[in-house]
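Colleague: I would like to learn how to read the inside of a protein model, one feature after another. Could we go through this one together?

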Amino acid sequence: MNRAAWHQRANAPAVFWLLALVVVVLFHRNIPVSAWLMVHLLLLGAITNSILVWSWHFAQALLRGPTPGNRGMVARLIGLNVAVALVVVSMIVNVWVLTLVGSIGVGLAVAAQAVVLGLRARKALPSRFGPTVWYYVAACLLLPVGAGVGAALASGISGEAHVRLMLVHVSVNVLGFVGLSVLGTLMTLLPTMLRTRVADGAEAVARHGAVPLLAGVLLTAAGAAAGVMFLCSVGLAVYLGGVIYICVPLAKVVRSKRPTTFAPLSAIAALFWMLVSLVWLLVLSFSAGSWETLHRGIESVVPVLAAGFAAQVLGAALTYLVPVVLGGGPAKVKHRTAILDKAGWFRVVLANAALVVSLMPVPSLVRVGTTFLVFGALAWFLPLLGIALFSKAPGGPSQKAGPSAAQTPALKAQLDKAAAAYDPAPRRRLGQGATALAVVVLVIVAGIIADPQSMPGFAAVVQQPAVVATGQTTTVDMTMKDMRFHPDKVDVPVGNKLVINLVNEDTMVHDLVTAMGAESGRLYPGEKATIDAGVIGANVAGWCSVAGHKQQGMVFSIVATGAGVTAPPATPTNTMPGMDHGADSGPPAVFDFMKEPAAGFKAHDAVLPPTLSGTVHEVAIKVTEEEREVSPGVTQRLWLFNGTAPGPTLHGKVGDKFKITLTNDGTMGHSIDFHAGALAPDEPMRTINPGESLTYNFTATRAGIWLYHCSTMPMSQHIANGMFGAVVIDPPNLPKVDKEYVLIQSEIYAGGQGGVADLAKIQADTPDAVVFNGYANQYKFSPLPAKVGERVRIWVLDAGPNRATSFHVVGGQFDTVWSEGRYLLDGSDPAAGAQVLPLAAAQGGFVELTFPEAGNYPFVSHSMVDAERGASGVFHIEK
């Protein structure tokens with residue numbers, strides 16, 4: 001096999017894992033994946049394959065000695081990719097044994113690479129940059145350690161141990177394996193990309209640069225393993241110093257030859273994000289008061305390392321090296337390079353500008369849009385690679401390399417055209433960059449328009465009486481903390497202009513609006529704003545417009561002092577949709593409990609899903625805010641877990657471990673509380689702001705049907721607006737039955753049509769409807785099926801937030817009743833039976849029965865006022 005064919009096949013696995021990542025990103029709603037799977041597809045799949053292939057290639061180029069065959073390298077690549085596939089599958093199906101076997105396989109394949117490269121380096125004759133091969137050796141010796149730590153993390157370790165092991169995993173794998181490999185390669189590759197010589201002193205840096213990098217990795221990992229955070233900080237500082245040491249000669253190269261093409265631009269951008277991430281980690285390690293706080297920071301940094309550093313350097317390396325190693329003569333090399341460099345400036349500017357915006361405290365829709373821009377700019381390389389591999393070079397397939405070929409006038413013209421595309425003129429480069437920035441700006445504007453709450457200027461204005469301005473300004477410093485404004489009253493002389501210096505010192509998003517139309521816009525924790533409230537001529541009310549916050553007491557007042565003061569209305573008469581002034585965003589919602597749903601209606605699936613496979617379950621839950629129908633003709637803007645109300649039902653066994661990744665794609669703070677786990681609520685149940693994520697680990701130690709819900713205040717409104725679900729943990733030795741259903745009762749306190757739950761109705765306990773599984777009477781129109789004589793188990797949970805239930809099947813009798821951890825009837829006494837399963841809010845249990853004959857058996861909450869306003873359905877029984 002010639003060199004070109006070997007390299008084409010050797011790089012195929014990396015391309016495959018990149019394509020798998022693209023599929024997962026595009027179809028992640030239909031695939032049970034987490035963000036960590038995406039990170040592993042990139043780093044473990046694509047990057048690890050590339051490092052093995054290119055370390056082998058550079059060792060051959062840099063070491064003086066006999067060139068070995070590729071057979072052993074092929075075997076290592078096969079072993080690596082089988083092991084990576086096992087790890088990826090294990091992350092989807094949650095089978096820890098597969099994770100363990102895959103981690104061992106990855107470690108063995110990469111360790112074998114270290115041994116082979118180390119033996120070659122020892123036997124090779126001295127060469128200028130031969131020492132950089134030892135970067136690869138050290139990196140490949142680190143990865144088996146990181147793989148073992150990854151397997152331990154997947155086993156379900158929780159608490160502080162999990163947090164510390166995560167830092168070990170990141171430092172050894174990303175900073176160690178990836179960082180050492182990349183920095184060692186760029187010592188010679190970046191000058192080659194720029195077509196210039198290496199800087200003076202680069203050889204000495206290459207010989208010594210690995211020492212601080214390796215020392216930094218080991219110190220960081222040792223500090224995390226030992227629980228000494230200061231040692232982690234020292235390690236990160238040493239590693240950062242090593243990176244800067246290596247970047248000095250690289251900076252000299254860039255100053256001497258400015259980058260104009262994609263490959264060096266992308267490589268330089270990758271180094272920038274590596275430095276940013278290291279500084280970020282260093283600051284976090286010094287400022288974090290606990291390991292859990294540090295862990296939250298790491299979860300924010302890792303995606304930046306993956307997208308900003310690893311993905312960009314991979315694209316840079318492949319863009320430059322693939323045409324070179326495939327060869328075929330100058331024509332083919334130039335032709336392929338020109339294809340891979342298409343829209344190079346546009347892609348680099350788009351990816352990096354969008355990444356910068358996505359890290360800012362922007363509305364969630366802006367963050368989602370810019371994240372997809374980053375992904376699109378990085379993934380653009382893949383179709384270009386396909387075109388480059390399969391397109392024909394100028395001059396036709398028979399064109400040979402050599403001087404005679406270069407003399408052909410037609411071919412020379414084609415090559416000059418390709419070179420111009422490869423190295424575009426400055427005006428064209430600037431045009432590409434400006435276009436990319438314009439795309440980012442358009443996404444920002446579109447996101448803000450789609451989420452008007454994030455934009456100041458949308459509150460309705462209450463007119464003040466005419467007032468003569470004094471020309472004086474009253475300036476007030478105000479903070480938002482603990483769901484309150486401090487101070488909550490401001491005295492302003494009539495005629496003075498009021499300026500408020502506002503700081504959000506709370507842990508969740510807030511804003512400030514006044515009845516006069518002044519607004520701060522949404523402020524994330526730590527953010528500041530200066531609000532010009534205008535000239536004050538009367539008393540003015542102010543509040544936080546985030547849903548529920550005003551009703552929770554987050555209000556303040558501006559008191560005009562002086563003669564002739566009048567008081568305007570406390571709130572404006574018009575409000576924008578989504579602004580929480582009574583939760584009305586349309587005409588009143590009208591419930592007709594006799595009305596049938598429209599054609600095409602699909603009821604919520606009430607069938608209990610099967611138990612999750614394995615004993616460790618990784619579940620990704622995303623918070624969204626969407627308008628949904630809750631009764632025929634009635635829509636509300638619900639806050640949802642994974643797009644449904646109730647959220648997904650999780651089904652496991654006693655002893656199972658759950659790792660929940662909660663991502664907030666909403667426009668306000670949300671959280672999650674799993675009753676199925678016992679643990680300190682401070683960190684896992686904390687409120688996260690839009691765009692943030694958290695990991696919630698718990699072990700199901702007791703059986704039952706357990707409620708989970710959003711615990712952000714006002715909790716009652718968050719639950720009533722759709723943020724609840726069930727975790728079913730089977731009691732040991734639970735007999736199998738023919739049918740199992742899950743029914744979750746909740747209440748609807750409708751705001752206006754298309755609005756959110758009305759907090760005043762919730763506090764008065766006056767629901768508009770009481771429903772099973774989120775929709776009034778839905779199982780009257782889509783009955784739950786069973787057959788005569790089949791044993792049916794019905795799990796019932798009362799999600800509340802306020803009302804109890806008394807579950808009853810008309811025409812049926814329960815022979816088995818299980819409630820809140822114990823059997824009330826175990827079915828052993830044929831003369832014993834029950835007619836209802838009574839449950840208070842947040843309680844759950846199950847009942848079992850068989851239906852004696854065919855027919856329709858209604859089920860209801862026997863609190864009849866609730867049955868008559870939606871808490872009813874039908875079992876349809878056939879022979």
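**Reading the core**

Colleague: Which residues touch the most other members of the largest nonpolar core?

Modeller: A nonpolar core is a set of buried Ala, Val, Leu, Ile, Met, Phe, Trp, Tyr and Cys residues joined through side-chain atoms within 4.5 Å, where buried means under 20% relative accessible area, exposed over 50% and partly exposed in between, with a 1.4 Å probe and protein chains only. In this predicted model, the largest nonpolar core has 133 residues, and Phe177 and Tyr239 touch the most other members. Helix α12 (residues 291-326) gives the most to this core, with 20 residues; helices are DSSP runs (H or I, at least four residues), numbered from the N terminus. A second, separate core has 56 residues, including Met508, Ala533, Phe556 and Ile729.

Colleague: Is threonine 48 buried or exposed?

Modeller: Threonine 48, which lies in helix α3 (residues 35-62), counts as buried because its relative accessibility is 2%. Not counting residues up to four places away in sequence, threonine 48 touches Leu43, Leu80, Val110, Leu143 and Phe177, where contact means heavy atoms within 4.5 Å.

Colleague: What is the mean pLDDT of the protein chain?

Modeller: The pLDDT is the predictor's confidence in each residue, from 0 to 100; here its mean is 84, and 89% of the residues reach 70 or more. Over residues 411-421, however, the pLDDT is below 50.

Modeller: Residues are numbered from 1 along each chain as its sequence is written, and side-chain values use heavy atoms, leaving out hydrogens and water. Local features need pLDDT of at least 70 and side-chain atom pairs count only at pLDDT 80 or more, whereas totals for chains, interfaces and linings use all residues.

Note on methods. Helix = DSSP H or I, 4+ residues; strand = E, 2+ residues; numbered from the N terminus.
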